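Hi,

Here is the structure I promised to pass on.

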Amino acid sequence: ARDRSLGALIISAPLNTPWNTTARATIEHLSISVSLAIDAVLLDEEERQARAREHTLATALTTIDHPVFILGEDLIRYANPASAREYGWPVGELLGRHFADLVASVTPSRPRLGLTEHDNELDEQSLPAEHRHRRRDGTEFVAAVTVSELRTEAGVAYGTVVSVRDVTMDRAVAEQLRHSEKMVAIGELVAGVAHEINNPLTSISAFAELLLEDPLGAEQRESVELIKRESDRATQVIRDLLLFARKSDAPVGPIDVNALVEQTLRLRSYVLRNSEIEVALDPDSSRPAVQGDAQRIQQVVLNLITNAEHAMEGCARRVLTLSTQQHDGRVLIRVSDTGRGMSAAVQRRLFEPFFTTKPPGVGTGLGLSVSYGIAQAHNGTLSVDSSVDEGSTFVLELPALSGAAGSLDEHRNGDDA
């Protein structure tokens, strides 16, 4: 059938059986009829298989969780359901639309991937690029785009498959990874330098203390006391540097978070009153507790309070709010102020060592980076939410001590025993 051989029709008969013309004609007609019938069956099977392949392909495209388009001369001929979810247009409204309408901007180094017109000259099967795409509501996202051509068996291009993936989150994770790697490198550098500086500082402080035991004139004693005081201050900075570099092995013990916050506030009560800062304290009534080094956790809270004080200098409204909360196995300590706030650019660098927004000579730029290290050493996090002229909120989040109140009481009873 259709100039191809489908098979052979074999007719057998007893020997010496005569074959007349009618019998032969009947067999020939039967052969033709069988050929046509078999050919029709095969055609139906081919069509069925083709439809099955199309169905399988369509099903596969609907299950892909990122947008996939099939274009013809830049017009969208097919869009999978993920395209509708990502761009906010119903699939029916995407069909027939120019793909370029979805592209807000294109990476300059890959201009031919702008898809403003169909490009039949692509010499690569798959050519990735980065675009910034626009959704129906006007929001934009960074998109990794892969373009592949559809070609006939003769090699003639008749369409384009475009795969789009939102890489905004990937970029954020990559940026966080780069930040972590930089922090590790700086920590190793700081550890080495701090040990080198700490030894001579310890000697200076010790000799200054010995000199203070000798009879000195008033001017000499004042000079030696200055040496002792400044060397001790430098030693404390070195300790902070070493703590930042270490970020681990915090002594373990139960900490009453409410009591720690209240105690830290008492330490700053005089300064807060003199600065005319209103304090609002909102402790969690369930008495949340955490496991860790109370002195180091207090160092973080104290640093956040002093930063809030500085942020509110010169502001008409000065309110410092501290709260504690236990939620889903975590304890949150929030420190909020009504200060100047911070831009997004400042927030990105806030936890870097030696970065500070304070004037020269005020602070070392180590406070928040050290606090960040303390939080990590306790399997916690330190984050910030801030807007310019609207204030800032720092959140120290730590794992809750299981059975918080009971564990604290048991610990105290054990100490009494």
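Which residue forms a salt bridge with K228? The partner is D232, and the closest N and O atoms of the two are 2.5 Å apart. Before I go on, please keep in mind that this is a predicted model.

Both K228 and D232 sit in helix α5, four residues apart, which is about one turn of the helix. K228 counts as buried, at 16% relative accessibility, while D232 is partly exposed at 31%.

Staying in helix α5 (residues 218-246), you will also find T235 there. T235 is buried because its relative accessible area, 9%, falls under the 20% cut-off. A polar atom of the T235 side chain lies 2.8 Å from the backbone oxygen of S231. Leaving out residues up to four places away in sequence, T235 touches N198 and L201.

Back to the charged pairs. Side chains of opposite charge can pair when their charged atoms come close. The count of salt bridges here comes to 10. Another one of them joins the side chains of R287 and D256, at 3.3 Å from N to O. R287 lies in the loop between β8 (278-282) and β9 (289-291), and D256 in strand β7 (residues 254-256), so this pair ties together parts that are 31 residues apart in sequence. R287 is partly exposed, with a relative accessible area of 28%, whereas D256 is buried at 15%. There is also a network: salt bridges with shared partners join E86, R135 and D166.

R134 and E140 make a salt bridge as well, with 3.7 Å between N and O. Here R134 is partly exposed at 32% relative accessibility, and E140 is partly exposed at 36%.

Next, a leucine to look at: L150, in strand β5 (residues 140-151). Its relative accessible area is 23%, so L150 counts as partly exposed. What does L150 touch, not counting residues up to four places away in sequence? The answer is I70, V156, A157, Y158, G159, T160 and V161. L150 and L71 are 79 residues apart along the chain, and their C-alpha atoms are separated by 9.4 Å.

Last, the surface. L9, I11, W19 and L30 form a nonpolar patch there, with about 350 Å² of accessible area together. One of its members, L9, is in the segment before α1 (21-63) and counts as partly exposed, at 41% relative accessibility.

Happy browsing!

Note on methods: Residues are numbered from 1 along each chain as its sequence is written. This is a predicted model: local features need pLDDT of at least 70, side-chain atom pairs count only at pLDDT 80 or more; totals for chains, interfaces and linings use all residues. Side-chain values use heavy atoms; hydrogens and water are left out. Helices (H or I, at least four residues) and strands (E, at least two) are DSSP runs, numbered from the N terminus. Buried means under 20% relative accessible area, exposed over 50%, partly exposed in between (1.4 Å probe, protein chains only). Contact means heavy atoms within 4.5 Å. A polar contact is a pair of N or O atoms within 3.5 Å; within protein, one must be able to donate a hydrogen and the other to accept it, and residues adjacent in sequence count only if both atoms are side-chain atoms. Patches are made of residues with over 30% relative accessible area and no salt bridge: like charges are joined within 9 Å, nonpolar side chains (Val, Leu, Ile, Met, Phe, Trp, Tyr) within 5 Å. Accessible areas come from the Shrake-Rupley method with a 1.4 Å probe; for residues, only the protein chains shown count as cover. A salt bridge is a side-chain nitrogen of Lys or Arg within 4 Å of a carboxyl oxygen of Asp or Glu.
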